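Please read them with the structure open.

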Amino acid sequence: MSNIDVFLIVDILGTIAFAISGALAAIRKRMDFFGVLIIAFVTSVGGGTIRDLLIGDTPVTWIRSLTSSYVIFFSAMAAIIFRNKLKILRTSLFLFDTIGIGLFTIIGIEKGLMFHLHPFVCIALGTVSACFGGVLRDILCNEIPVIFRKEIYATACISGGIIFFILRHFSVNQDIIYLLTAGTVISIRLMAVIKSWSFPKIEMNTKK
Amino acid sequence: MSNIDVFLIVDILGTIAFAISGALAAIRKRMDFFGVLIIAFVTSVGGGTIRDLLIGDTPVTWIRSLTSSYVIFFSAMAAIIFRNKLKILRTSLFLFDTIGIGLFTIIGIEKGLMFHLHPFVCIALGTVSACFGGVLRDILCNEIPVIFRKEIYATACISGGIIFFILRHFSVNQDIIYLLTAGTVISIRLMAVIKSWSFPKIEMNTKK
Amino acid sequence: MSNIDVFLIVDILGTIAFAISGALAAIRKRMDFFGVLIIAFVTSVGGGTIRDLLIGDTPVTWIRSLTSSYVIFFSAMAAIIFRNKLKILRTSLFLFDTIGIGLFTIIGIEKGLMFHLHPFVCIALGTVSACFGGVLRDILCNEIPVIFRKEIYATACISGGIIFFILRHFSVNQDIIYLLTAGTVISIRLMAVIKSWSFPKIEMNTKK
């Protein structure tokens, strides 16, 4: 398959994962049908929307193409219908979500490269693409964004981004770069959750 | 009156309603004078600003024209001066606010059509225009956005948008389209509040 | 020194102050290393980013130039390393932060003038530049944005902006305009905090 095909598949899988995660968060908050749809939508397209706004690539992607909207609608419907199978779904959801941030990190970095931006900025855009949908979801649900608490989303994305540019510097084959970047993001997050692993909090000795 | 005149009036009435609603929310949170002004401003222009950013129509409207700013300033002043008449004001405020979301839904949809966007995207932009000022107000006041709780704002706007495009498909006269679209939004929200009506929450059977 | 040199220095000092303030807020919330970096970044570039988006000046500044990113990285590292010296740091931090909003107010206003915008809009952009980084910091930390509570940030910025345009109307020398604008912002905020001074809350007589 060409890179563009790989991209489309990756993008759609990520979109599905985030839509389901948003829908489930909204269901837990006991929102109504449209509330669930909207949170699913914002979780899924939020990161890419902020990325597109920052680099000035407007109208943003989901306004130019309806693909995401259809994918999100059916994913949210599926989340609503199968919400009571959650115990079975939870593991696969977690895996999808984790694959999603791995893939959206790559898409954000590639978009930065497409606009000839500095690697540092590309990594920031990859992190924004992967994480800020979840940040918006948490803000709309009035919780401290999970990205900044236990699950080290951002840490995983930044690490993956660094791997991306190290491999790119040594002219590694692109498919391998993608594989190892997503692999890095996914394994850091998997290990973080499975081993209750987290980056050390920055502790203060003095009392305020 | 021409359509443009109708638009201007509708836009200004909506702006007034949202400015007052924002000012009252800020007064309830015991903010100071400028805090009240800023929340009134954000509530009023927030939805349209996000819509303009998403479609890349920048500088955003309130930067190009000062009309909104003047209207908001005087509305917020009025809200501050008459805040103790709130019992009397409350019904008319609720009506203004409800008319506001009806009218801003139309304005958002028309802006989408102006940019030749798909009906689905137009309805999303109408909903954004009508609802996200209130979302920003609630986020700045640190509450769960009311849109996602009881008052089915979004549901009303999306329903109105669907009516808009059904009528448009049958080439109905534009004034009638506007009237029925706003009417749909307004009646759904009125019924929702008067009858404590709301879309069914999506309940979960399993314990997490 | 030329105005551009003065600007760069002012900009960098403001960036440092906000980065440290963001980092300390994140440390207090017990975030991990990357969480601290991200909050420092958002606090520092948030206001300018929203300003640039509103006027359509994209890609936003920190994507075009890496200067801010380097400054923020080293400031956040310094905040982490010296966090236990906080008692000593607190006064200088407060001063830096206060100088920061004074300087960012000027930068926002000048950017508005560069785009030939109305004085009212320029003052709004100055306030956005100076205050909204802190608003984003507080939202991400799930607190009511401090701007709307005690510290009258916005009031200080708006007052400084009014002074700016009054002096400009009388063709006062630009250096003096800058000095008096920043001086106004800084003294209002200093007085507000030192004297526990605040604009009167808008009280309501009626019970809701």
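Predicted model: local features only at pLDDT ≥ 70, side-chain atom pairs only at ≥ 80, totals over all residues.

Which residues of chain A are linked in a network of salt bridges?

1. The network of salt bridges in question links A:Arg51, A:Asp52, A:Asp57, A:Arg64 and A:Lys111. Over all chains, a search of the whole structure finds 12 salt bridges.

2. Another pair is A:Lys111 with A:Asp57, joined by a salt bridge at 2.8 Å, N to O. A:Lys111 belongs to helix 5 (residues 86-114) of chain A, while A:Asp57 sits in the loop between helix 2 (33-55) and helix 3 (61-64) of chain A, so this pair ties together parts that are 54 residues apart in sequence. A:Lys111 has a relative accessible area of 11% and is therefore buried, given that buried means under 20%. A:Asp57, at 14% relative accessibility, counts as buried on that cut-off.

3. In chain C, a salt bridge is found between C:Lys111 and C:Asp57, with the closest N and O atoms 2.8 Å apart. C:Lys111 is in helix 5 (residues 86-114) of chain C and C:Asp57 is in the loop between helix 2 (33-55) and helix 3 (61-64) of chain C, so parts that are 54 residues apart in sequence are tied together by the pair. Both C:Lys111 and C:Asp57 are buried.

4. On helix packing, helix 2 (residues 33-55) and helix 4 (residues 67-81) of chain B have their axes 9 Å apart and pack at an angle of about 130°. The two helices of chain B, helix 2 and helix 4, are therefore oblique to each other. The crossing of helix 2 and helix 4 of chain B is right-handed.

5. A nonpolar patch on the surface is formed by A:Tyr70, A:Phe73 and A:Phe74, which together have about 340 Å² of accessible area. A:Tyr70 is part of helix 4 (residues 67-81) of chain A. Its relative accessibility is 48%, so A:Tyr70 counts as partly exposed.

6. Is A:Thr181 buried or exposed? A:Thr181 has a relative accessible area of 0% and is therefore buried. A:Thr181 lies in helix 8 (residues 174-194) of chain A. Between the C-alpha atoms of A:Thr181 and A:Ile162 the separation is 8.4 Å, and these residues are 19 residues apart along the chain.

Terms used: Residues numbered from 1 in each chain as written. Chains lettered and ligands numbered in written order. Heavy atoms only, no water. Patch = residues over 30% accessible without salt bridge, like charges linked within 9 Å, V, L, I, M, F, W, Y side chains within 5 Å. Areas by Shrake-Rupley, 256 points an atom, 1.4 Å probe, with all protein chains shown as cover. Salt bridge = Lys/Arg side-chain N within 4 Å of Asp/Glu carboxyl O. Helix = DSSP H or I, 4+ residues; strand = E, 2+ residues; numbered from the N terminus. Buried < 20%, exposed > 50% of the residue type's maximum accessible area, 1.4 Å probe, protein only. Axes fitted to C-alpha atoms, helices over the stretch in contact; angles between N-to-C directions. Parallel < 35°, antiparallel > 145°, perpendicular 65-115°, else oblique. Left-handed = near helix turned anticlockwise from the far one by under 90°.
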